[in-house]
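Here is a short briefing on one protein model. Look through the structure first, then read the points below.

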Amino acid sequence: MGWYLHFPPPKHTHTHLHTRLPPRTYTQAQGLLQLMGGAEAFGAAVAAHGVTLAAHGPYTAAGAAAVLGLPVPVVSKNFSTFDGVVAALEEHFTQAGQQQR
């Protein structure tokens, strides 16, 4: 289980940053917030960079949202493998792309 952060590439590069943070302890999420300068700074970075938060299940999503103070819009429906997270992300970005047309 885990939740993920996806940072799209800056306009001048094609590099993506993907981060996975296991949710087994809230200490790790709190450490991420501390590293990022607090919840407000983390939220600002998420907004500024168009970050998509995704979780490997509803309990993980709820835990991440509680610690980070942000919604987790992409949640895996298949918990047997991480393919569920990939499928949820694919569905999310496909829908987002269709809405932009």
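Glu40, Ala47 and Ala48 are exposed residues on the face of H2 that is turned away from its buried side. Exposed means over 50% relative accessible area, buried under 20%, and partly exposed in between (1.4 Å probe, protein chains only). Helices (H or I, at least four residues) and strands (E, at least two) are DSSP runs, numbered from the N terminus.

This is a predicted model: local features need pLDDT of at least 70, side-chain atom pairs count only at pLDDT 80 or more, and totals for chains, interfaces and linings use all residues. Residues are numbered from 1 along each chain as its sequence is written, and side-chain values use heavy atoms, with hydrogens and water left out.

**Helix H2**
- H2 spans residues 39-49, and its buried residues are Phe42, Gly43, Ala45 and Val46.

- E3 pairs with strand E4 (residues 74-75) in the parallel sense, over two bridges. Strands pair if DSSP finds at least two bridges between them.
- Val74 in E4 is the bridge partner of Ala54.
- A right-handed β-α-β unit is made by E3, helix H3 (residues 58-68) and E4. Right-handed means that, with the strands pointing away from the viewer, the path from the first strand over the helix to the second runs clockwise.
- Ala62 sits in H3. Ala62 counts as partly exposed because its relative accessibility is 48%.

**The largest pocket**
- The largest pocket holds about 160 Å³ of space. A pocket is an open set of points on a 1 Å grid over the protein atoms alone, where a 1.4 Å probe fits, with protein on both sides within 12 Å along at least five of seven lines; lining residues have an atom within 4 Å of a point.
- H4 (83-100) and E4 each supply at least two lining residues. H4 gives the most, with six.
- The lining includes Pro73, Val74, Lys77, Glu91 and His92.
- By type, the lining has five nonpolar, four polar and two charged residues. Ala, Val, Leu, Ile, Met, Phe, Trp, Tyr, Cys and Pro count as nonpolar, Asp, Glu, Lys and Arg as charged, and the others, Gly among them, as polar.

Terms used: Points joined across faces, edges and corners; volume = space filled by probe spheres on them.
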